[in-house]
Amino acid sequence: MTLRIGVDTGGTFTDVVAFDEETGALHVRKVSSTPQDPGLAIVEGLDQILEQIGGRSPADVGYFAHGTTVGTNALLTHRGARTGVVTTRGFRDLLELGRGRRPRLYDLQADKPAPFAPRDLRLEVTERVRHDGSIETPLDEDEVRAAARTLREAGVESVAVCLLYSFLRPEHEQRIGEILREELPGAHLSLSSRVLPEFREYERLSTVVTNAYVGPVVAEYLAKLRQRLAERGLAAVPHVTQSNGGIIPFEAAEELPVRMVLSGPSTGVVGAAGLCAAAGHPDLITFDMGGTSSDVSLVRNGVPKVTTGMELDGRPVRTPMLDIHTVGAGGGSLARVDAGGHLKVGPASAGADPGPACYGKASDTAEPTVTDADIVLHTLNPVHLLDGRMPVDEQAARAAVGRIAERIGLGVEETAHGILRVVTANMARAIRVISVQRGYDPRDYTLVPFGGAGPLHASQLARELGMRTVLVPPTPGAQSALGLLMTDVRADFSRTRIQRLTDDPERTAGQLGALWAELEDEAAAWFDAERIPEADRGLERTAELRYAGQNHEIPVPVPAGPLDAAALAGVLETFAAEHRRLYGYDAPDEPVEAVTVRLQAVGAVPQAKLPREEPAGEDASASLTGHREMHLQGEGFVSVPVHRRADLRPGNRVTGPAVVEQMDTTTVLLPGDVLTVDDHSNLVIAVGG
Amino acid sequence: MNDTATPPSPDPVLVEVMGAALSSLVEEMGETLVRAAYSSNIKERRDCTAGLFDADGHMLAQAEQASPIHLGSLIGVVSAVLERFPVEDIRPGDTFLSNDPYSGGGSHLPDMVLVTPVFADGRLTAWAANLAHHADFGDRGHAHIFQEGVRIPPVRFAREGEIVDDVFQLVLTNCQVPAERRADFRAQLAANRLAVTRYGELVERYGRATMLETAAALLDYTERRTRAAIAEVPDGTYAFTDRFDCPELEDTELELRLRVTVDGDELHFDFAGNPGQVRASVNMVRTALYATVYYAVKTLVDPDIPSNAGLHRPIRIDAPLGSIVNCVEPAAVNGRTETCQRVVDLIHGALAPAVPERVTAASNGANTGVHFSGWDHARGRYFVYLETIGGGSGARAGKDGLDGVQVHVTNTSNLPVEALETEYPLMVEAYELVPGSGGAGRTRGGMGIRRTVRVEDSRAGTGGKGTPSGDAGSPDGARDASGADSGTGEADGVQFWLDTSRLRSRPWGLFGGLPGSSARVELSEGARPVVRGHTVLRPGDRVSVVTAGAGGYGDPAERDPAAAERDTREGTTPPDA
């Protein structure tokens with residue numbers, strides 16, 4: 001029971017990482033994904049890595065965690081369950097009306113997202129709760145039964161229930177749930193008071209409908225995978241990641257699949273936070289660049305920043321999640337010249353097929369991709385990639401970039417640099433969203449690139465943002481799988497109760513304390529159900545506060561321990577400081593109110609202790625495999641050393657310009673950059689220029 | 001530009017990079033404003049915008065979240081400030097306030113614009129401006145602008161970082177909800193301060209000369225793109241007319257008209273022959289007309305053209321002074337968006353033969369504004385609640401129109417019911433699409449919206465038949481005893497004002513598509529009728545505002561059977577299909 005396994009399913013590859021607690025060795029395996037039945041690749045990867053380690057069996061696995069995009073893909077490809085909605089009379093169309101805005105200001109061809117539940121399956125029942133939680137109109141149970149029958153006859157597989165003010169008074173929803181269970185015993189059921197007991201009816205409705213839509217799909221997938229793994233002899237309870245970066249057992253995930261929409265990218269961030277904290281870099285910005293897009297996020301004091309929601313394909317999804325911002329900028333992003341003569345890159349992508357021109361499958365008129373620009377400049381190996389497994393057609397890349405070069409009147413290499421500068425500007429803009437727009441200065445952070453294309457563009461991106469340090473982790477191509485070995489079990493609990501904090505501090509402190517006590521009871525029940533030992537239990541309290549009159553709340557951490565007037569005063573000071581940091585002012589005379597109180601329950605999981613190597617001195621010549629001509633802006637082609645990542649040792653130094661190659665990525669050092677290998681085998685780059 | 005020493009053709013890649021940086025800057029301004037504001041209209045409904053201008057007042061970037069009409073209150077503001085204040089008297093840390101359409105570059109009085117000079121190397125280099133629609137000045141007359149609220153020409157609102165308190169107090173004294181106003185102005189100041197910081201960081205990195213040079217190049221780039229897109233529209237002169245009505249004009253209908261000439265890569269809009277300005281709030285000042293035309297051009301030639309002054313160069317607009325589309329003092333302008341929406345319809349209607357695949361049939365034709373105001377006994381304060389309700393969006397060549405959305409010159413969010421009822425003595429009983437309101441066609445027009453609001457008896461505390469649940473926090477502990485006896489009779493009711501259009505006509509279809517349904521108001525029994533858009537509602541009264549659907553596109557007989565089947569199943573079939 002000494003093996004810890006993380007499996008991350010991506011679009012192209014399924015990454016498997018195994019940590020052997022006995023030997024301290026880390027093993028990585030990539031197998032092709034099987035999108036029709038993702039579980040096949042998982043079992044295959046598990047078999048292969050056990051074989052690779054040397055004849056180990058699934059029974060030796062003491063920990064198994066999985067990151068999946070099954071739920072997200074079902075949402076994006078509209079392959080969810082047939083879903084019905086039961087709602088308050090008068091609000092059947094809220095799902096389509098949303099917040100009333102059209103999707104794009106000027107593009108009249110843009111459409112609103114299609115509702116996951118069609119109009120004829122959205123049914124109203126007579127009932128109404130008031131804003132103070134009192135009941136204006138009691139629930140008409142006969143109507144509920146009639147609605148349930150209509151949904152049953154329509155073949156509905158999943159039902160979302162969302163009533164006004166259910167976060168204040170859930171009884172009507174609960175009663176509807178009971179009736180639906182009687183009338184539609186097989187259907188997946190989602191109550192908004194359970195999925196998201198928070199205010200703003202449209203966002204709550206959209207979230208609960210999303211949960212209902214993917215519920216059966218995710219439940220079926222996890223149940224099947226659980227069975228398969230058990231059949232292979234896996235004894236450990238399999239866990240799956242949520243958008244908050246924590247893991248929960250498969251069974252628990254089946255009820256609240258909406259909490260898994262960012263399952264995949266979130267563990268990459270958690271892994272980076274863990275690695276970098278161990279390496280002495282607690283403040284970082286992660287930069288995960290793949291083929292079609294880049295995900296960026298911010299980690300402060302070793303803790304990834306979280307947010308309460310996002311829009312997925314135009315639909316709001318409110319659940320606790322890591323604050324990951326995605327931009328359509330990847331290696332496959334296409335460059336073009338627009339009608340005004342400007343060079344644009346992305347968000348359109350060449351995808352996996354035909355892929356960049358240099359892969360040899362694109363047409364003779366194809367637009368160049370970012371990867372083609374890298375081939376032209378020789379920042380990427382112009383002969384082959386993936387340790388020699390994939391040949392590269394440099395001439396095709398030059399021809400594609402050349403077609404654009406002609407139109408903007410620049411040389412081929414200058415145009416390739418232009419493509420990289422534009423895509424870098426797009427990525428910098430994404431990083432500004434999660435840093436400067438949240439009041440954090442990126443210059444105080446370490447840039448941590450991963451994904452196939454991250455390390456290739458990191459040095460240039462760091463320069464664009466004024467960042468001084470880049471840290472490339474040991475396995476940038478399997479970062480999410482690695483992160484699965486470094487995460488904890490996490491669950492979130494919340495309540496919305498709008499109340500003033502400044503009127504009567506003693507009394508309010510008591511009321512807030514009582515709310516958290518309720519949430520702590522729920523958390524305790526959850527810990528018990530998860531069989532998490534007392535010693536490993538942790539609770540993190542957050543209050544979302546605003547000045548009375550505002551409508552956007554600021555999350556403020558609330559220390560553990562009894563909440564009294566003095567503790568409350570401390571919370572208010574933190575709030576004022578955050579308000580100043582975010583908006584440049586605070587308002588000491590204005591009353592402050594709490595909106596939502598949150599509790600995150602954390603069950604500590606013993607962490608994989610990654611191997612540490614002895615320092616070997618500065619000389620990196622043992623890793624030198626040769627030189628290649630790389631094009632530097634303003635200088636032309638220059639011969640630069642090429643190093644093999646696997647042969648770099650802690651303490652080794654490499655000075656830019658230079659290239660470090662490994663199987664699934666390439667790290668580029670620009671002139672002035674100085675790379676040092678730390679004793680966790682991270683490449684730490686002091687950015688020059 | 002002040003600097004002409006540098007060559008006029010900077011690196012196009014750098015210009016693209018700078019464009020991205022300036023867009024980030026204005027988006028961040030807008031986001032700061034929304035998040036720090038107090039009034040529902042800004043914080044939830046996002047009725048605001050932010051922009052960056054060059055030293056001479058040409059727009060360089062505008063936040064995308066804005067309603068296009070907001071451009072009409074921004075494009076004139078810098079020149080209005082420069083007309084009154086010599087450049088040498090303008091200092092870092094100064095901020096100017098204006099809202100007046102006739103002297104301050106505004107387009108109606110609730111849109112308060114704060115504009116802040118940005119200095120680099122000690123010289124005036126750019127201007128940061130933001131606009132917020134302050135939901136104040138409720139329950140007003142609209143015979144002329146003096147009835148509509150306080151008029152503010154450009155005045156110095158902050159001097160070298162300090163608010164000019166005399167001016168601030170004068171403005172607040174003229175507002176109905178001064179506490180909200182104070183906080184909203186503070187949020188607006190924070191947004192401009194942020195722009196000054198961010199611009200400074202860019203100057204630090206690129207230098208002032210490069211900033212100026214790339215800004216000029218950015219406008220040239222936009223102009224080239226706009227011209228290239230216009231050149232694809234077939235040359236010719238295209239004309240269109242439409243009927244206009246609104247509650248204030250009662251039975252009077254006006255005829256709006258337009259002639260557009262496409263000549264190579266330029267457009268000429270000729271509004272000759274439109275009605276004279278009216279004694280009602282629906283007049284447009286020149287900048288409102290310009291903003292409306294620029295919006296429509298963008299939708300028709302290339303929706304991705306950057307929002308900056310380069311777009312304006314190939315477009316010429318002529319409109320008779322003193323007409324409803326180019327009014328002069330003292331015409332009232334508060335409800336100008338009703339007319340703006342119809343100008344967009346005119347432009348789409350005129351150019352339908354030229355670019356049939358890009359135009360839409362008529363949208364709901366209004367920016368339906370519903371204002372409730374009065375004394376809230378339960379919360380002990382005066383309230384003004386403004387909501388604009390969307391409607392049908394016109395059918396497109398290949399797709400149905402969007403149902404129940406904000407169209408054309410506006411794109412504000414609605415106020416969540418759970419936020420509204422917590423804040424005001426009102427209850428929303430229905431918020432739904434109107435089946436059958438979208439005009440039939442090969443593609444169907446978008447459906448209108450019905451929003452039903454009941455006035456609560458705010459004297460009765462938590463209200464009639466409710467049973468307190470115990471754990472609910474009171475939304476607002478403060479009670480003002482002085483309000484408890486604020487009169488009886490009419491003064492005790494809730495003032496209801498409605499701005500809309502298409503009550504008497506229907507949004508037209510295109511190429512055989514049928515019109516959408518008209519807008520209307522429905523009142524509960526015993527409620528006083530709405531006269532010229534106004535009534536007084538008593539506790540228990542219920543008012544439903546029903547907005548128009550949109551026109552269909554193409555022959556209804558050609559509708560895809562699968563789409564027709566869905567209409568039937570979902571109960572959205574147009575009655576005359």
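## Two crossing helices in chain A

Helix 15 of chain A and helix 16 of chain A are roughly perpendicular to each other (an angle of 65 to 115 degrees). Their axes, lines fitted to C-alpha atoms over the stretch in contact with angles from 0 to 180 degrees between N-to-C directions, come within 8 Å and cross at roughly 85 degrees. Helices here are DSSP runs of H or I with at least four residues, and strands are runs of E with at least two, numbered from the N terminus.

A:Pro505, A:Glu506, A:Thr508 and A:Ala509 of helix 15 meet A:Ala565, A:Ala567, A:Leu568 and A:Ala569 of helix 16; contact requires C-beta atoms, placed from the backbone, within 7 Å.

## Basis of the model

This is a predicted model, in which local features need pLDDT of at least 70 and side-chain atom pairs count only at pLDDT 80 or more, while totals for chains, interfaces and linings use all residues. Residues are numbered from 1 along each chain as its sequence is written, with chains lettered from A and ligands numbered from 1 in the order in which they are written.

## The sheet of chain B

In chain B, seven strands form an open antiparallel sheet in the order 2-1-5-4-3-6-7; strands pair if DSSP finds at least two bridges between them. Strand 2 (59–62) and strand 7 (162–163) are at the edges with a single partner strand each, so one side of each has no neighbour in the sheet.

Strand 4 (residues 111–120) and strand 5 (residues 123–133) of chain B pair in the antiparallel sense over ten bridges. B:His133 in strand 5 is the bridge partner of B:Asp111. Helix 1 (residues 12–36) of chain B lies across strands 1, 2 and 5, at about 145 degrees to strand 1.

Notes: Parallel < 35°, antiparallel > 145°, perpendicular 65-115°, else oblique. Contact = placed C-beta atoms within 7 Å.
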